[in-house]
Amino acid sequence: MAPVAPRSGDVIFASVERVNAELFTLTYGAIVRQLITDLEEVEEVNKQLDQMGYNIGIRLIDEFLAKSNVSRCVDFKETAEVIAKVGFKMFLGVTASVTNWDAEGTCCSLILEDNPLVDFVELPDTCQGLYYCNILSGVVRGALEMVSMKTEVTWLRDMLRGDDAFELQVKLLKQVPEEYPYKDDE
Amino acid sequence: MGKEVSESCVESLLTEIVSSYGTRFYANKPDLAARRIEAIGYQVGHQLSERYTMERPRFSDHLEAIKFICKDFWSELFKKQIDNLKTNHRGTFVLQDNRFRWLSHMSIDPSPENSGSTQDPSAVAENKAAEAASMHLYFPCGIIRGALSNLGIPCAVSADISNLPACEFLSFSALN
């Protein structure tokens, strides 16, 4: 049987169950607001948002692989393109662009111009240290970890902090070789 | 239709709200966790009903407002209307969704037959499952309460899932 061709982000997004983006945006906003009230420290909120994202990412990768028919990427460059064009599109309905590669091809930036998480959002002065979209970096980190890539994901630019786009830096720390349960004698 | 995102995005957030508040922040205080989750829903319902009623005249009475929740509001959120609305005409409303989306991907067996024998491990598991499911209901209850409050109806909202996948939301308002 011929291998199934990978599907484009647009095609997948058109075929999945979708909901009103306002519900998503406002729900996320309400979560952040509640976390700020309960945890008080902005640093702690950043950490928890990242953790929530990580938990989501390790589950979402299964849906991604099941629906996208994407096969193993040849290198990290292809991985980044797939996240930006297929991953973001099929879940959030927007695509990102990939730029700012380093010489080794292990570090790049995903640029989001349209980000459904931040519609209606304005940060008050008291939340200056907040990385509002930190859930997203957690999702990317969690999802990549499930396909054997340890990464560090950080926000370089943030429109809520006055920048002109959202720039998420993804740095490949190491590729963990897949471990099979070969050894029974341990 | 405005912008959309995949349903998995919203479901993932709900799962994480419940697990963060229910098992990490307030692991031993389910009451507090429930209240926080409800508060998040309240905020969402309050804001959404504000947006969806922008172009409308004021509702003439509570019933009109509730009907708006059952039809327009529910359709925006779930692409279907509430299937059945009952009222005692004294401030209590029962909104029934025969197939509530946010529970449709959850597998639990709420059959109460075994609940007598507490030693039965499967009964314990069932209780746990029912408890987990009920944690997921504070968010939609909060949404309804937030939406109604914004329409001038302060109320308490609870949910009944004894007939899954149907879900009944009970709204009690003091006034009227």
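**Close-up views of a predicted two-chain model**

**View 1. Strands 2 and 3 of chain B.** Strand 2 of chain B is joined to strand 3 (residues 92-97) of chain B by four bridges, and the two strands run antiparallel. One of the residues to look for is B:L85, whose bridge partner in strand 3 of chain B is B:L95. As in every view described here, the model shown is a predicted one.

View 2. In chain B, four strands make up an open sheet in the order 2-3-5-4, with antiparallel pairing. Its edges are formed by strand 2 (84-87) and strand 4 (155-160) of chain B, each of which pairs on one side only. With direction ignored, neighbouring strands of this sheet are turned against each other by 20° on average. Helix 3 (residues 62-78) of chain B lies across strand 2, strand 3 and strand 5 (167-173) of chain B, and runs at about 15° to strand 3 of chain B. Helix 6 (residues 138-150) of chain B also packs on the sheet, where it touches strand 4 and strand 5 of chain B, and its direction makes about 150° with that of strand 4 of chain B.

**View 3. The open sheet of chain A.** Chain A holds an open sheet of four strands in the order 2-3-5-4, and the pairing is antiparallel. Strand 2 (97-99) and strand 4 (149-157) of chain A are the edge strands, each pairing on one side only. From one strand to the next, the twist averages 30°. Strand 3 (residues 107-112) and strand 5 (residues 166-175) of chain A run antiparallel and are joined by six bridges, and A:L112 has A:F166 in strand 5 of chain A as its bridge partner. Strand 5 of chain A also contains A:L173, which, leaving aside its neighbours within four places in sequence, is in contact with A:K150, A:T151 and A:E152.

**View 4. Helices 4 and 5 against the sheet of chain A.** Helix 4 (residues 76-92) of chain A lies across strand 2, strand 3, strand 4 and strand 5 of chain A, running at about 15° to strand 3 of chain A. Helix 5 (residues 134-146) of chain A packs on the sheet as well, touching strand 3, strand 4 and strand 5 of chain A, and its direction makes about 160° with that of strand 4 of chain A.

View 5. The contact includes A:L49, A:G53 and A:I56 of helix 3 of chain A, and A:I135, A:G138 and A:G142 of helix 5 of chain A; its residues divide into 11 nonpolar, seven polar and three charged. With helix 4 of chain A, helix 3 of chain A packs at an angle of about 100°, the axes being 11 Å apart, and these helices are therefore roughly perpendicular to each other. Here A:L60, A:E63, A:F64, A:K67 and A:S68 in helix 3 of chain A meet A:V82, A:V86, A:G87, A:M90 and A:F91 in helix 4 of chain A.

**View 6. The interface between chain A and chain B.** The contact draws 36 residues from chain A and 34 residues from chain B. About 3,300 Å² is buried between the two chains, and carbon and sulfur atoms give 61% of this area. In chain A, the residues that lose the most area to chain B are A:V19, A:L23 and A:L26, together 18% of what that side buries.

How values were computed. Residues numbered from 1 in each chain as written. Chains lettered and ligands numbered in written order. Predicted model: local features only at pLDDT ≥ 70, side-chain atom pairs only at ≥ 80, totals over all residues. Heavy atoms only, no water. Pairing = 2+ DSSP bridges. Axes fitted to C-alpha atoms, helices over the stretch in contact; angles between N-to-C directions. Contact = heavy atoms within 4.5 Å. Nonpolar A, V, L, I, M, F, W, Y, C, P; charged D, E, K, R; others polar. Buried area = accessible area lost by both parts, 1.4 Å probe. Parallel < 35°, antiparallel > 145°, perpendicular 65-115°, else oblique.
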